[in-house]
Amino acid sequence: MKLLNKPFRQYFREARLGIALLLLVAVMRFLLQPLFQIPQDQGTHWVSLTIMLPIIMMCYSVAVALKGGTFRDLLALAAWFALSGMLFIILGIAIDDFAGIDTYYTGPAESNPWGHMFAHVIEGVVFTLLLWGIGSVVYLVAGGRKRAASVGSPL
């Protein structure tokens with residue numbers, strides 16, 4: 001029994017726009033403090049990958065439901081979004097700490113960048129499951145199970 005309906009890399013094509021939006025938010029989050037001098041307590045809630053990830057997943061879940069996709073499709077998309085977000089955050093932390101650019105990705109009390117980056121690796125796995133759960137609920141509300149059954153029926 002396969003875990004996904006298609007090879008994992010094929011889901012990237014469907015997830016491209018969502019990943020591009022995540023990258024845009026990550027870059028905006030990176031630039032707000034060094035370029036625009038907006039303090040972290042004022043701008044951090046407006047450009048948050050943690051907030052953007054579930055929003056993107058909900059939109060994609062409705063699309064999967066309307067196309068007659070399955071929970072397996074949602075899992076692959078959730079993984080692409082969570083792992084992309086994780087990568088963007090880790091890159092932001094690395095640039096912040098190792099290049100000396102003060103951004104929203106680390107705070108003044110941050111002393112161990114490697115531990116911080118590893119925590120986001122764990123978060124990538126947890127967020128995959130969390131996004132899959134959110135996406136599954138939205139998928140069911142959007143009638144995904146019924147559409148998948150009707151698309152796959154031999155009538």
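1. From the N terminus on, the chain runs α-α-α-α-α-α. That comes to six helices and zero strands. The model is predicted. Along its principal axes, the C-alpha trace spans about 60 × 30 × 20 Å.

2. Start with the pair α3 and α5. Their axes lie 8 Å apart, and the helices pack at an angle of about 45°. Because of that angle, α3 counts as oblique to α5. The crossing of α3 past α5 is right-handed.

3. Which residues make this contact? From α3 come Thr50, Leu53, Pro54, Met57, Met58, Ser61, Val62, Val64 and Ala65. From α5 come Phe127, Leu131, Ile134, Gly135, Val138 and Tyr139. By class, the contact of α3 with α5 has 12 nonpolar residues, three polar and no charged.

4. Next, α4 against α5. The two axes come within 8 Å and cross at roughly 155°. An angle over 145 degrees counts as roughly antiparallel, so α4 is roughly antiparallel to α5. Here too the handedness is defined: α4 passes α5 in a right-handed crossing.

5. How do the residues of the contact of α4 with α5 divide by class? There are 23 nonpolar, six polar and two charged residues in that contact.

6. The structure holds one cavity of 30 Å³ or more. About 50 Å³ of space lies in the largest cavity.

7. Which residues line the largest cavity? They are Thr50, Leu53, Ala82, Gly85, Met86, Ile89, Glu123, Gly124 and Phe127. Which element gives the largest share? It is α4, with four residues.

8. What is the class make-up of the lining? Five residues are nonpolar, three are polar and one is charged. Glu123 is in the lining and counts as charged. Gly85 and Gly124 also line the cavity, and Gly counts as polar.

Notes. Residues are numbered from 1 along each chain as its sequence is written. This is a predicted model: local features need pLDDT of at least 70, side-chain atom pairs count only at pLDDT 80 or more; totals for chains, interfaces and linings use all residues. Side-chain values use heavy atoms; hydrogens and water are left out. On a 1 Å grid over the protein atoms alone, a cavity is a set of points where a 1.4 Å probe fits but cannot get out, and a pocket is an open set with protein on both sides within 12 Å along at least five of seven lines; lining residues have an atom within 4 Å of a point. Grid points are joined across faces, edges and corners, and a volume is the space filled by probe spheres set on the points. Helices (H or I, at least four residues) and strands (E, at least two) are DSSP runs, numbered from the N terminus. Axes are lines fitted to C-alpha atoms, for helices over the stretch in contact, and angles run from 0 to 180 degrees between N-to-C directions. Angles under 35 degrees count as roughly parallel, over 145 as roughly antiparallel, 65 to 115 as roughly perpendicular and the rest as oblique. A crossing is left-handed if the near helix is turned anticlockwise from the far one by less than a right angle, and right-handed if clockwise. Contact means heavy atoms within 4.5 Å.
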